[in-house]
Amino acid sequence: MASWARLVSRWRCLLRTARAAEGPRGLSGRSSTAQGCRGFAPLALLPSRNDVLPWRLQAYRHACVESCSPPGSAKDGSFSSPESNLPSPVKQEQAKAETLPDLNAKIPYEDWDDIPPSSALEEISEEEAVQIIAEPLLPLQSSTLRDYVDHSETLAKLVHLGVDLSQVEKRQKAGQLLLTLDFEKDIRKILLFLKDAGVEDNQLGPFLTKNPYILAEDLEALESRVAYLKSKKFGKAEIAQMVSRAPYLLLFSVERLDNRLGFFKNELGLSVKKTKDLVIRLPRLLTGKLEPVKENLQVCQIELGFQRNEIQEIVFKIPKILTASKKRLKQTFDYLHNIMGIPHHMLTRFPQVFNSKLLRIKERHMFLTFLGRAQYDPAQPSYISLDQLVSLPDEVFCTEIAKASIQDFEKFLKTL
């Protein structure tokens, strides 16, 4: 209703403007009353049919004619209407304009700004209310990223990529980091860099699960670290292997990477080639703490009694000994050296035995001792190498080494 009132007001304004423009050009010989009634009747003053609001003027012309009739006119039509004195074409035009506009018609685009905006306090029907769909609220805080996946395009794309958000959120501030990143602006370039560095498509998700912090790294810094490794004669395939097996490697600056390589070269007395081969096989040596490495080297030299050259050979063959548990290392050595009688030079020749479970070594040695076949001296007949002792499956060990059946071995284990 308020909208209709505003439209009426505008029509009245247009009516007054038309009257003022027609004044001096009115038709002669007409009464003042009739002349006022046809203030905007002449076709020369009427807006064109192509104008924006022709139907407004036409509608109000009908209203003006009715309101301008003299009070004394007869109801039977004895009083001559002002339109009767107009030319025939004008009468035809007026006849076409007598129809009032449809109130349900669409309002032209130009008048949309005249329609008052709907108010938040405006009452609506129950039918309209139930059709309103409210979006779920974004939680202000949450202990899991799962609550944000439906609201974050970045998280949704990372999940599609294979990132395990349940593991990422366990890492300190990693969840908050992902929520601040834009996939197209911040993440896509890092993914392209990782692919160029050799990380396979199906490994991008697991890689980012282990190291989401790389997404916040500067791209130029990452490229400079790869360039440094290339300058040290690491091939592209070797760099890809190192990056995939040690996801935190590229978080280290060039200076730290250089210091780590220098530490292993100098501490172990290895050549450049052997140092490079060492970190290719166990790249987490470059990203882990150095204190455990130093302690294990001291244990091997002081407590276990290995010579420096023997330590070099052992470490080059099994780099994991540098990060192994000191307690386990000492227990394994004690059993091999003091119980089984294996000398240092034999342990240096077959250091793989330090990677085996101590229980496996004990069970097989005791079974061979029970059978009278526990012979580890290569100079003696029926010699059994340490590699055969720990690496062969139970069936092969029993038939080829112990010369017994697997059932005999299982029965023996039950007696222990």
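In the predicted model, Lys326 is partly exposed, with a relative accessible area of 34%. Its salt-bridge partner is Glu295, and the closest N and O atoms of the two residues are 2.9 Å apart. Glu295 is also partly exposed, at 33% relative accessibility. Since Glu295 belongs to helix α15 (residues 291-303) and Lys326 to helix α17 (residues 326-339), the pair ties together parts that are 31 residues apart in sequence.

The structure holds 12 salt bridges in total. Another of them joins the side chains of Arg364 and Asp394, with an N to O distance of 2.7 Å. This pair links distant parts of the chain, with Arg364 in helix α19 and Asp394 in helix α21 (residues 394-402), 30 residues apart. Asp394, at 31% relative accessibility, counts as partly exposed. Salt bridges with shared partners also join Glu153, Lys157, Glu184 and Arg188 into one network. A further salt bridge connects the side chains of Asp201 and Lys195, at 3.4 Å from N to O. Asp201 is partly exposed at 48% relative accessibility, and Lys195 is partly exposed with a relative accessible area of 41%.

The nonpolar cores were examined next. In soluble globular proteins, nonpolar side chains tend to be buried together. The largest nonpolar core contains 46 residues, of which Ile321, Leu322, Leu347 and Phe354 touch the most other members. Leaving aside residues up to four places away in sequence, Phe354 is in contact with Phe306, Ile318, Ile321, Arg328, Leu329, Thr332, Phe333 and Leu347. Apart from this core lies another one, made up of 39 residues, including Val168, Val226, Phe252 and Ile280.

Two loop residues are buried in the model. Ser356 is located in the loop between α18 (344-349) and α19 (358-371). Its relative accessible area is 11%, so Ser356 falls under the 20% limit and counts as buried. With residues up to four places away in sequence not counted, Ser356 touches Arg328, Ile361 and Val390. Arg328 is also among the residues touched by Phe354.

The other loop residue, Pro283, lies between α14 (272-281) and α15. Pro283 is buried, with a relative accessible area of 2%. Contacts of Pro283, again without residues up to four places away in sequence, are made with Met242, Arg245 and Ala246. Pro283 and Val243 are separated by 40 residues in sequence, while their C-alpha atoms are 8.0 Å apart in space.

Helix packing was examined for α13 (residues 254-268) and α16 (residues 308-317), whose axes come within 10 Å and cross at roughly 135°. An angle over 145 degrees would count as roughly antiparallel, and 65 to 115 as roughly perpendicular; α13 and α16 are therefore oblique to each other. On the α13 side, the contact is made by Asn266, Glu267 and Leu268, and on the α16 side by Arg308, Gln312 and Val315. By class, this contact of α13 with α16 comprises two nonpolar, two polar and two charged residues.

Key
Residues are numbered from 1 along each chain as its sequence is written. This is a predicted model: local features need pLDDT of at least 70, side-chain atom pairs count only at pLDDT 80 or more; totals for chains, interfaces and linings use all residues. Side-chain values use heavy atoms; hydrogens and water are left out. A nonpolar core is a set of buried Ala, Val, Leu, Ile, Met, Phe, Trp, Tyr and Cys residues joined through side-chain atoms within 4.5 Å. Buried means under 20% relative accessible area, exposed over 50%, partly exposed in between (1.4 Å probe, protein chains only). Contact means heavy atoms within 4.5 Å. Helices (H or I, at least four residues) and strands (E, at least two) are DSSP runs, numbered from the N terminus. Axes are lines fitted to C-alpha atoms, for helices over the stretch in contact, and angles run from 0 to 180 degrees between N-to-C directions. Angles under 35 degrees count as roughly parallel, over 145 as roughly antiparallel, 65 to 115 as roughly perpendicular and the rest as oblique. Ala, Val, Leu, Ile, Met, Phe, Trp, Tyr, Cys and Pro count as nonpolar, Asp, Glu, Lys and Arg as charged, and the others, Gly among them, as polar. A salt bridge is a side-chain nitrogen of Lys or Arg within 4 Å of a carboxyl oxygen of Asp or Glu.
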